[in-house]
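Hello,

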Amino acid sequence: MATNAGDGNELDWRGEFRDAAREALFRRTMQAHDACQLRYALVVAAALFLAFSLTDFSLLGTSNAFMVLLAMRATVATSFLLLALAVWRRPSLAQEPLSINLVCLMAVSGLLLTIPLRPDGVMTNLASIVAASMAFYLFIPNRLPWMLASNAYLIGGFLTSVIVWSPLPGGVLVNSLLLLGFVNLLCWLTVSRIHRLQRAQFASLLEERSINRRLTREIKERNQLEQRLRHMARTDELTGITNRRRFFELAEQERRRAHRDGTPLSLCMVDIDYFKTINDVHGHAIGDLALTVVAARCQSILRESDIIGRYGGEEFVIALPLANLLTAKEVAERLREAVCHRPLEVKGVTLDLTVTVGISRVDDTETSLDPALLRADRALYAGKESGRNCVVVTPQGPELTLLESVTAGVTPGAVRATASVSAPAAVPAGGRLPGRF
């Protein structure tokens with residue numbers, strides 16, 4: 001699409017687009033305007049055509065010539081009004097050459113008929129011809145070649161009628177022809193200029209719409225890209241769960257809410273058992289698949305309000321809002337069973353996946369997640385030391401008695417792990433012990 005609508009390469013000598021498809025689009029766009037313009041022009045022309053009957057009467061009286069002129073004027077005016085009604089009902093007629101040019105032919109023929117019937121009104125006839133010539137250019141929404149043809153017929157008929165029925169002195173005839181020629185030239189240039197300006201505006205509008213569509217498309221693509229980047233910045237690429245940074249953002253929000261509302265918040269550290277062995281024996285591709293499967297199985301048993309994230313390597317971390325240690329232990333047991341309830345089979349390899357879970361609760365006096373994460377990590381290490389595939393809880397305060405009184409669903413490994421965590425000497429104060437795999 002050209003950006004310069006006024007470029008001569010865009011328009012032909014008629015002031016129309018060289019591209020037929022664009023010209024057709026322009027004419028469809030202008031159809032309502034052309035129909036309205038043609039209706040008004042036809043109604044005004046009908047009124048003026050009938051009004052000239054008064055001039056006929058003043059010159060001819062009630063003679064037969066007057067009656068013929070009156071009948072002709074009534075016929076032409078009626079044709080104008082009927083076409084105006086048809087255009088009102090079907091606006092597309094305003095751009096059909098046949099309907100418009102038939103009425104123009106009738107109007108020109110009617111005007112030319114006044115010359116032999118009213119030979120003494122030469123100046124009046126000349127004024128009518130000039131007015132009709134201007135009207136064909138400025139008020140009838142016809143295409144330029146048809147405008148030129150209508151005016152050629154009008155001038156040729158006027159010249160013939162004057163020579164045959166109402167001879168004029170040579171100077172007057174020449175002046176009349178010069179006047180008609182000047183009027184046609186001026187109107188032709190005016191109409192050509194109007195056509196070019198209209199199409200220039202239309203081309204600019206099309207270009208603006210094209211630019212707006214491109215901008216809209218680019219904005220949409222940019223928004224999609226921003227969403228993908230935001231998703232990538234918050235999501236672990238391999239497992240599809242939240243990454244470490246996003247997890248801590250969400251978990252910190254839950255910690256502040258729990259501190260404000262006085263509600264519990266528990267944390268779980270989840271580690272895949274023997275993951276290093278899986279990688280060493282079966283390769284990193286199967287190891288990555290194991291990570292994905294474990295993440296999906298863990299996520300399947302969590303609530304919508306729970307937050308799971310990849311902590312690093314084969315470890316996951318889970319925040320459980322509104323969950324005390326007892327509730328968190330029940331959730332962790334379901335999570336452990338969801339992981340180990342069926343083996344992973346891929347490429348002829350069968351892997352028995354298990355996880356060890358360490359649990360702690362964020363204390364009301366703690367201003368960050370770090371202490372609770374450290375306690376959960378120590379519980380997780382104790383579970384690894386006591387045999388893996390178990391849930392280990394770091395009890396706090398009154399919940400210790402309640403946890404010890406509930407033995408249903410607690411594996412022996414979990415009980416041993418809990419006892420190990422209860423003994424501070426089993427875990428060094430520095431945090432996680434080396435050598436976990």
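Phenylalanine 202 counts as buried because its relative accessibility is 6% (buried means under 20% relative accessible area, exposed over 50%, partly exposed in between, with a 1.4 Å probe and protein chains only). This is a predicted model, in which local features need pLDDT of at least 70 and side-chain atom pairs count only at pLDDT 80 or more, while totals for chains, interfaces and linings use all residues. Residues are numbered from 1 along each chain as its sequence is written, and side-chain values use heavy atoms, with hydrogens and water left out.

Rings of Phe, Tyr and Trp (its six-membered ring) pair if their centres lie within 6.5 Å; planes under 30 degrees apart count as stacked, over 60 as edge-to-face and the rest as tilted. The count by this rule is seven aromatic pairs. One of them joins phenylalanine 26 and phenylalanine 202 edge-to-face, at 5.3 Å centre to centre and 70° between the planes. Phenylalanine 26 is in helix α1 (residues 20–29) and phenylalanine 202 in helix α8 (residues 170–234), so this pair ties together parts 176 residues apart in sequence. Helices (H or I, at least four residues) are DSSP runs, numbered from the N terminus. Phenylalanine 26 is also buried, at 4% relative accessibility.

Phenylalanine 49 and phenylalanine 80 form another edge-to-face pair, with 6.2 Å centre to centre and 65° between the planes. Phenylalanine 49 lies in helix α2 (residues 31–51) and phenylalanine 80 in helix α4 (residues 64–89), 31 residues apart.

Phe17, Phe26 and Phe202 make up one aromatic cluster.

Regards

Definitions and conventions: Helix = DSSP H or I, 4+ residues; strand = E, 2+ residues; numbered from the N terminus.
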